[in-house]
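Open the structure in your viewer and keep the selection tool at hand.

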Amino acid sequence: MRTRPAPLPIVSGKGVYLYTEDGRRILDGISSWWVNVHGHSHPLLNRALAKQAERLEHVMFAGCTHPPAVDLAERLVALLPDGLTRVFYSDDGSTAVEVALKMASQYWRNIGQSRRRRFIALHHAYHGDTVGAMSVSEESIFSVGFTSLTFPVLRADAPYCYRCPLGLDRASCGIDCLASLEGLLREHGDEVAGVIVEPMLQGAGGMLVWPHEFLAGARRLCDEYGVLLIADEVLTGFGRTGRMFACEHASVTPDVICLSKGLTAGYLPLAATVVSERVYEAFLSEDSARTFFHGHSFTANPLACAVALASLDIFRDESVLERVRRLERQFREGLGTLRDLPIVGDVRVIGGVGVIELVSDQTSKHAGGYLDQRGPGLAAAFLERGLLLRPLGNVLYVMPPYVITDEEAAWMMEQIHDVLAQLQPA
Ligand SMILES: Cc1ncc(COP(=O)(O)O)c(C=O)c1O
């Protein structure tokens, strides 16, 4: 409370804008923590929510079911990469990950291979703030105070091309960083339950954009060593990377996928962990000990499911993904020129996400990480101009709702150019 400015009192939202109590209009440049896709207070989503509230606001999802949950499960299965067929609902991104980890662990126990209970996760990973999700996340300022609670995981290199763990150059490398994952699988493969990744875009760990070959390679290695591949698409799902799901960039079907954030277009907390028949079959039994015992009070909340269905209608009826891809082109052009500034180390773009990694020196690539002091100063400078951004330390990024117009996106980039041009090397 002593290190941060007072929170912004937001009283309403419309499209890409948020409005404060004192009448300021602020462009939501990070989609309210990456959840909003179609803009704030969207009339179709509002209507779906109100209509569902008139019919059924909630019922427990143990021993009961309801049409919005069933319809949503069917729609998700039809949209997801082929082979993901069984949907388990929970509440948010972290619980989607907890469910994935518990399911993967029990899967092996149910099929008589209890020895497989370890997880491999990547450097720079972020999977959420609950204990299991924290364990598979890379240790960071978010989790360092809780190491007495977390469980150990095996950690493999991520394809952070700007700071290649092997010192190679992407233009000429053969995705050699996969060797680290392969090495862990070779050494520990028969103890490993699953490999968990954030496909194509590692978010809170620094907005790292992957070459799609890394994802394809991870799938191939999981197949080779018989390990489950868990795709955490909590951030990337629902169009953020220019495809409905990031796994599509490498034509990969994971064994387990975690969805949340954009699932309800950012309206209400809801998550889904979707698995293949292979995983589902391991739980389908006359023996109740094989049951997946996990449930939350608000599992499959009908209001959230109804909004999620209306959001999928918008994806179907309007050319939303086209819009995201246009945004990608706009970011590539508009942010690419920032590379000329001495404080800019790297510019990365994927779908509707534009990332600028700041350094104090382009040659040494030195930077202060998440606690880099420039972050809060930059956030304040943008806010003064009516733009809500929340840099991850030295990593500045934009991730607006997809309904942003070309003019609004151009304005946003103009603010970034202006503010960064005045910034001195740290
Ligand atoms: C990839 C990923 N997984 C999981 C989570 C956790 O989601 P939640 O904050 O909804 O618990 C996040 C949140 O940012 C995320 O980016």
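A patch is built from residues with over 30% relative accessible area and no salt bridge, with like charges joined within 9 Å and nonpolar side chains (Val, Leu, Ile, Met, Phe, Trp, Tyr) within 5 Å. The model you see is predicted, so local features need pLDDT of at least 70 and side-chain atom pairs count only at pLDDT 80 or more, while totals for chains, interfaces and linings use all residues. Residues are numbered from 1 along each chain as its sequence is written, and side-chain values use heavy atoms, with hydrogens and water left out.

Select V131, F146 and L149, which make a nonpolar surface patch of about 260 Å². Stay on L149, and you will find this residue in the loop between α5 (131-136) and β6 (154-156). Is L149 buried or exposed? L149 counts as exposed because its relative accessibility is 52%, where exposed means over 50%, buried under 20% and partly exposed in between (1.4 Å probe, protein chains only).

Next, select the cysteines. How many disulfides (pairs of cysteine sulfur atoms within 2.5 Å) does a search of the whole structure find? The search finds zero. C161 is in no disulfide, and its nearest cysteine sulfur, that of C173, is 6.3 Å away; C164 is likewise in no disulfide, with the sulfur of C177 nearest at 6.2 Å. C161 counts as partly exposed, because its relative accessibility is 33%.

Definitions and conventions
Areas by Shrake-Rupley, 256 points an atom, 1.4 Å probe, with all protein chains shown as cover. Salt bridge = Lys/Arg side-chain N within 4 Å of Asp/Glu carboxyl O. Helix = DSSP H or I, 4+ residues; strand = E, 2+ residues; numbered from the N terminus. Disulfide = S-S within 2.5 Å.
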